[in-house]
Amino acid sequence: MSENYKIVSKFIKDISGETPDIETYLYVKDYISKYQLNIEINSNPLKAQIIEVNTLLKFHDISKSKKRSHFEMTYTSVIKLNEEIKDKKVLQKIILCDVQKEIYPDIEKALLNLLHTSGYPNIKFEKKVDFDELYNKQFN
């Protein structure tokens, strides 16, 4: 946690796993290692110094295959800024990097739990998301 903010609440806002039929399940079981994780982050000011941060994770097949499953989760964090932040770049770094690094272990655990209980018990995320690197690529 940073001295600039505090997470006052965090929860799974929405979670979904969709596999339309058994043929798709059997196909996906062999090809799920090719699925990709996409992350989208948006924020919404609630009141003075309080911001809702929504982190949307999509674990899906990017190929054109008709047989595919789709897994999606929206994780919401409510943050309270400890001081009035005037610099937009500081606020962006808090939302896109600092908060994400703090909540990522919870997000990863929840998404893996969804995948495991959906019938894919061997799925692991080998590569950890480097939010500092993503942030620096986006703004440099």
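## The sheet

In this predicted model, strand S1 is joined to strand S4, which covers residues 70-81, by 12 bridges, and the two strands run antiparallel. One of the residue pairs between them links glycine 17 with its bridge partner in S4, phenylalanine 71. Strands of a sheet pair through backbone hydrogen bonds, and the pairing can be either parallel or antiparallel.

The sheet as a whole is open and is formed by 4 strands in the order S1-S4-S3-S2, with antiparallel pairing. Strand S1 (5-18) and strand S2 (36-47) stand at the edges, and because each has a single partner strand, one side of each is left without a neighbour in the sheet. From one strand to the next, the twist averages 15 degrees.

Helix H2, which spans residues 88-117, packs on this sheet and touches S1, S2, strand S3 (50-60) and S4, while its direction makes about 140 degrees with that of S4.

## The nonpolar core

The largest nonpolar core holds 34 residues, and those with the most contacts inside it are Ile32, Ile79 and Leu115. At least two residues of this core are supplied by each of S1, H1, S3, S4, H2 and helix H3 (131-139), and the element that gives the most is H2, with 13 residues.

## Threonine 24

Threonine 24 lies in helix H1, which runs over residues 22-31. This threonine counts as buried because its relative accessible area is 3%, where the cut-off is under 20%. When residues up to four places away in sequence are not counted, threonine 24 touches Thr19, Lys67, Arg68 and Ser69.

## The largest pocket

Rolling a probe the size of a water molecule over the atoms shows where empty space is left. In this model, about 560 Å³ of space lies in the largest pocket, which is lined by 19 residues, the closest to its centre being Leu37, Ile39, Val129, Asp130 and Leu134.

S2, H2 and H3 each supply at least two residues of the lining of this pocket, and the largest share, 6 residues, comes from H3.

Terms used:
Residues numbered from 1 in each chain as written. Predicted model: local features only at pLDDT ≥ 70, side-chain atom pairs only at ≥ 80, totals over all residues. Heavy atoms only, no water. Buried < 20%, exposed > 50% of the residue type's maximum accessible area, 1.4 Å probe, protein only. Contact = heavy atoms within 4.5 Å. Pairing = 2+ DSSP bridges. Axes fitted to C-alpha atoms, helices over the stretch in contact; angles between N-to-C directions. Core = buried A, V, L, I, M, F, W, Y, C linked by side-chain atoms within 4.5 Å. 1 Å grid on protein atoms, 1.4 Å probe; cavity = no way out; pocket = protein on both sides within 12 Å on 5 of 7 lines; lining within 4 Å. Points joined across faces, edges and corners; volume = space filled by probe spheres on them.
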